[in-house]
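Here's a quick tour for anyone opening this structure for the first time. Have a look at the sequence and the model, then read on.

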Amino acid sequence: SMCETRAGHSASGAARRSTRMMTSIFIVGLATLHCADAFSGAFMPAALSRAGARNFWIQGSVLPLRVSFSGLPLRDSMQVRGRAGAAICGARMADDAMIRRLENTKLQFEELTNQLGDPELANDSTQLLKVTRKRASLEAVVTAYTEWKENTEELEGAREMFNEAKDDAEMREMAREEVNMLESRIKELEEELKLLLLPKDPNDEKDVMLEIRAGTGGDEANIWAKDLLEIYTKYAKTQGWTLSPMEESDSTFIYQVQGNSVYSKLKYEAGVHRVQRVPATETQGRIHTSTATVAIMPEVDEVTVQIDPKDITMTMARSSGAGGQNVNKVESAVDLMHLPTGIRVFCQQERSQLKNKEIAMQLLRAKLYDIQLQEQQAELYKQRKDQVGTGSRSEKIRTYNWKDGRCSDHRLVKNFPLSSFLSGDIDAIIQECIFKDQQALLNAMAEEDA
């Protein structure tokens, strides 16, 4: 039979279409009815007898749904899929709150677009960057939602054409194909929107401080740390990011990474990276195990992290290395010590003492903020043990085995080609980490709703 879904009592024409609930109704055979919330994926079965009443009530996720049968033969139902007797009558999003959220997102996107045309904003580069990034973060949601609305309207038209065709078999078949295609696309868009509307890490859009430190393994660990820097440099180029050195030594590399949504991807690289290979310095061909620690620290401003000047000791020193007489004779290097935490920052990258001080303070703020994040993530990990790692820099996240040519990610429990990683092609690994994290969020949301 053909089924129609209505909110409240029966209506006709445009009134009925406007009140139709955004819910998928699945008829399997003639014995069971399933009401599926297309957004949550939760299915609610209700027993249906062959001789049951024409109207009955189902308690849905938002409002009770009244379902009635038109009495038309099964062959005239809107759509038949799978085995005989299976019909799907509509595929629509069922959460009014979700629709309101999408509409608010669209309004916010339009407001940000209008702000970009403001001449005063063009004179404020900092605010312009914030508005541009915020608008970019909403664009994917608005694009998908707009397409969803357009396809939903077209689906209504295709259904009307199907109903009006009646005796025109060819027209009905064309309408049925159009309905199938539109429903399939609408379902894809709903899944996409479901992911796009997941809670986002507030730091995802930020630039980062990338810190690579050699761990156990002596000289081989120093070489491995440098290898990792080269790999991340290659990856940054594929993403259109820029790297700027902040601090460098034989065993430590600290770089500023700037670009679009840097933290959202590089945060999955935080942790201990273990390598198993024959070092270049090994004469007897023995395999050594070495490690390097990667820390990804989102950049923060003075408002986010406030540092009491009394908590800092600052000394000046002459820079070492190449740079001419001015660098070696003038005390342009800055050595900062944060007394409460014992964090020390030494900066000699610039020829100017003032610039080195600014860089040192920027790096200190990032380190202090990272400590706060570590504490928050540790607490979150107690609640969500299925997430992608703890985010702790002490956690071993990967092992790189030269003999077998594999890169093993311990969080994903999966191997990847070592050659791809060494060439800077690490996006496949990061995307799988993102996907697993999204699934953990969806599971957490489902548990909260249960």
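Let's start with helix H4: its 41 residues should span 60 Å at 1.5 Å a residue, and its end C-alpha atoms are 59 Å apart, which agrees. The expected span here is 1.5 Å times one less than the number of residues in the helix. Helices (H or I, at least four residues) and strands (E, at least two) are DSSP runs, numbered from the N terminus. Keep in mind that this is a predicted model, where local features need pLDDT of at least 70 and side-chain atom pairs count only at pLDDT 80 or more, while totals for chains, interfaces and linings use all residues. Residues are numbered from 1 along each chain as its sequence is written, and side-chain values use heavy atoms, with hydrogens and water left out.

**Helix H4 and its partner**

- H4 bends by about 35° at Leu138, the bend being the angle between axes fitted to the seven residues ending there and the seven starting there.
- H4 (residues 125–165) packs with H5 (residues 169–196) at an angle of about 155°, and their axes are 8 Å apart.
- Axes are lines fitted to C-alpha atoms, for helices over the stretch in contact, and angles run from 0 to 180 degrees between N-to-C directions.
- H4 and H5 are therefore roughly antiparallel (angles under 35 degrees count as roughly parallel, over 145 as roughly antiparallel, 65 to 115 as roughly perpendicular and the rest as oblique).
- In the contact of H4 with H5, the residues divide into 18 nonpolar, two polar and 10 charged.
- Ala, Val, Leu, Ile, Met, Phe, Trp, Tyr, Cys and Pro count as nonpolar, Asp, Glu, Lys and Arg as charged, and the others, Gly among them, as polar.

**The eight-stranded sheet**

- Eight strands make an open sheet with mixed pairing, in the order S9-S10-S8-S12-S11-S16-S17-S18; two strands pair if DSSP finds at least two bridges between them.
- S9 (242–248) and S18 (414–417) stand at the edges with a single partner strand each, so one side of each has no neighbour in the sheet.
- Direction ignored, neighbouring strands of this sheet are turned by 20° against each other on average.
- S8 (residues 208–214) and S10 (residues 252–258) run antiparallel, joined by six bridges, and Ile212 has Phe253 in S10 as its bridge partner.

- S16 (residues 396–401) and S17 (residues 406–409) run antiparallel with four bridges, and Tyr400 stands opposite Cys407 in S17.
- Four residues lie between S16 and S17 in their hairpin, and Gly405 in the turn has a positive phi of about 65°.
- S17 also pairs with S18 in the antiparallel sense, over four bridges, with Phe416 in S18 as the bridge partner of Cys407.
- S17 and S18 form a hairpin too, with four residues between them and a positive phi of about 55° at Val413 in the turn.

**The three-stranded sheet**

- Another open sheet has three strands in the order S13-S14-S15, paired antiparallel.
- Its edge strands are S13 (312–317) and S15 (343–347), each pairing on one side only.
- From one strand to the next, the twist averages 15°.
- Six bridges join S13 to S14 (residues 333–338), and Met316 stands opposite Val334 in S14.
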